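Me: I'm new to reading structures and would like a close look at one pair of helices. Could you start there, and then walk me on to the strands?

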Amino acid sequence: MAAQHTPMGRAVPGAGPAPRPGGTSGAAAIVVVSRDSTTRQRVHHELAWRYSTDYKIVTCDYPPGLAAQLRALRAAGTPAALVVGGVRGQDPGDIEVFAAVRPAEPTALRVAAVRWGDWAAAQPVFDALTLGKIDHMAVGPEACPDEEFHRSITEFLSEWSSRRDGGFEAVRLIGEQWSARSQELRDAFTRYQIPAGFYDVGSARGREMLGELGLVSPDLPVVVLRFAAQRSVLANPSDLEIAEAFGLLAPIPADDVCDVAVAGAGPAGLAAAVYASSEGLRTVVVEAGPIGGQAATSSMIRNYPGFPQGVSGSTLTAQTFQQAWSFGATFLFLREAASLSAHDGHYRLGLSDGNVLSARAVVIATGAAYTELAVPGLADLHGRGVFYGAAVSEAPAMRGQQVFVVGAGNSAGQAAIHLAKWAGQVTVLVRGESLAQSMSDYLIRMIGALPNVDVAYGVQVAGVAGTGRLESLVLEDRASGRRRGVPADGLFVLIGSQPRTEWLGESLMRDQEGFILTGPDVLEEVASRWPLLRPPSLHEASLPGVFAAGDVRRGSVKRVGSAVGEGAVTIPQVHAFLEAQAAVHANLER
């Protein structure tokens, strides 16, 4: 069929190769936009040849009509997954084409396609990434086929798909939309990267699904595991019941002693597990919650080395988990360290399920817990519009809503930027008068560039209200004490954290805030109690052979990159300790 020219652009699904047999060619669209005909033809041809089976490939040669093109596609039931725009160094205005995308199609990813060697385009593109004007950059295509270009496009399509409902659902969750437990499970499945679908029990589909399962007034939420030969249906299951259904509760032999036990599977603990297991140490990791800790809730980490366009916290930590697992590390899920003691030359970690894990050395990387906001009535609305952390899984539910973010650090900035993709308005509430001392400059610039994000300084939350879910906030001006009520659909609290070290009791030296003392700090505080002639190594705690890494350690830098670094550098110290212990035992046996 010949392409039809319209004021909004040119739809050319018939150009290039025809869809392969069995293809859907239209579940979603990839839109190519450029004023330059050569760029349009090159990008369109490469995309059509590879993706026309599953996507409608559409070209818009009239950029002012891009918004109308996107709305027309949506009205026809074909949302745009990607908008790929040609960007040339000699035409800075190419970037501005993307401004029409977000209002017309909020979930579409904006991809700047630049030619290899067009160095003049580099700075405008990276500035646009920093300011949130585009989501990604891709080089090419130059060859045919251009596999490097396709690698990027496939990653972007995967990212888009992961943000949407539909597709394969390994788990189905049926419950109340604003139930704290439903929210907790949605967040956990998201952070574990388990494909899960949520169905509101108040909807026709939710009630129909309960009927199909033969359930009448079950205890909610209901969790349906669909990936096993025998599909399990669990009514309001505990975390341990879910783990058992997944086959994750591996027993611990009573007489087993591993080389190194790692408490915590955040960035520091995962890095320690990767390096320990890859270097031949028998490694066991204990983690009560989802993999990745607080880092996994970050929607986009832009300053982690090696990811110039950013990486989501869940992706980064999930891949690190897979890496450690592939090297042979054992993971004990839904169990946490509850005590630490020495016994027969080994350390014993008492676990929350009553078992004991014995190890020759221990790395403590239990991270930190979010600080709760002390506001009357807030706890009753947790999971019902009030969330601690970025709660990435809840962002799509905020579409068109009034959302508030409390905090002034990088996590708060990342949460605001992510929420802005869906929310009608995001307001960042800051107790101080500036973000400069607590938030990275690139995040401040991105927030300033987003039209639906405001920052309110010198303001704190003084009250909340809502029946069943959050409906409004009371905001207080800290200088004048004046209060005002505002409607609110979502409140995301990111105001700091406290180290997860209460379980240690008196076994290790900690400071007044609970952070573990390591290295020189140990000698300064308890020189008389350090039992060895050598000083403790940099990350060694007040017990020889016990190390601390990441947010749990006093003096750590609260960044994902530094936590990974600390987890990695503990392992040479573990090796040195184990070698020294082996030498001592060898001398005693002579």
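Reply: Let's begin with α11 and α12, which are roughly parallel to each other (angles under 35 degrees count as roughly parallel, over 145 as roughly antiparallel, 65 to 115 as roughly perpendicular and the rest as oblique). Keep in mind that this is a predicted model, in which local features need pLDDT of at least 70 and side-chain atom pairs count only at pLDDT 80 or more, while totals for chains, interfaces and linings use all residues. Residues are numbered from 1 along each chain as its sequence is written, and side-chain values use heavy atoms, leaving out hydrogens and water.

Helix α11 covers residues 410-419 and helix α12 residues 441-449; they pack at about 30°, with 10 Å between their axes. Helices (H or I, at least four residues) and strands (E, at least two) are DSSP runs, numbered from the N terminus. An axis is a line fitted to C-alpha atoms, for helices over the stretch in contact, and angles run from 0 to 180 degrees between N-to-C directions. The crossing of α11 and α12 is left-handed, meaning that the near helix is turned anticlockwise from the far one by less than a right angle (clockwise would be right-handed). On the α11 side, Asn-410, Gly-413, Gln-414 and Ile-417 make the contact, and they meet Tyr-442, Leu-443, Met-446 and Ile-447 of α12; contact means heavy atoms within 4.5 Å. These residues divide into 5 nonpolar, 3 polar and no charged. Here Ala, Val, Leu, Ile, Met, Phe, Trp, Tyr, Cys and Pro count as nonpolar, Asp, Glu, Lys and Arg as charged, and the others, Gly among them, as polar.

Now for the strands. An open sheet is built from 4 strands in the order β9-β8-β10-β11, with mixed pairing. Its edges are β9 (196-200) and β11 (232-235); each has a single partner strand, so one side of each lacks a neighbour in the sheet. On average, neighbouring strands here are turned by 15° against each other, direction ignored. Two strands pair if DSSP finds at least two bridges between them. Strands β8 (residues 171-175) and β10 (residues 222-225) run antiparallel and are joined by 4 bridges, with Arg-172 opposite Val-224 in β10.

Two helices pack on this sheet. Helix α6 (residues 180-191) touches β8, β9 and β10, and its direction makes about 165° with that of β8. Helix α7 (residues 204-212) touches β8, β9 and β10 as well, its direction making about 110° with that of β8.

Leu-220 sits in the loop between α7 and β10. With 24% relative accessibility, Leu-220 counts as partly exposed (buried means under 20% relative accessible area, exposed over 50%, partly exposed in between, with a 1.4 Å probe and protein chains only). Apart from its neighbours within four places in sequence, Leu-220 is in contact with Ile-174, Glu-176, Val-201 and Asn-236.

One more strand deserves a look: β12 (residues 257-263) is mostly covered, as 6 of its 7 residues are buried. On one hand, β12 pairs in the parallel sense with β17 (residues 356-364) over 6 bridges; on the other, 4 bridges join β12 to β13 (residues 283-287), again running parallel. Find Val-262 and you can trace both pairings: Val-262 stands opposite Val-363 in β17 and opposite Val-285 in β13.
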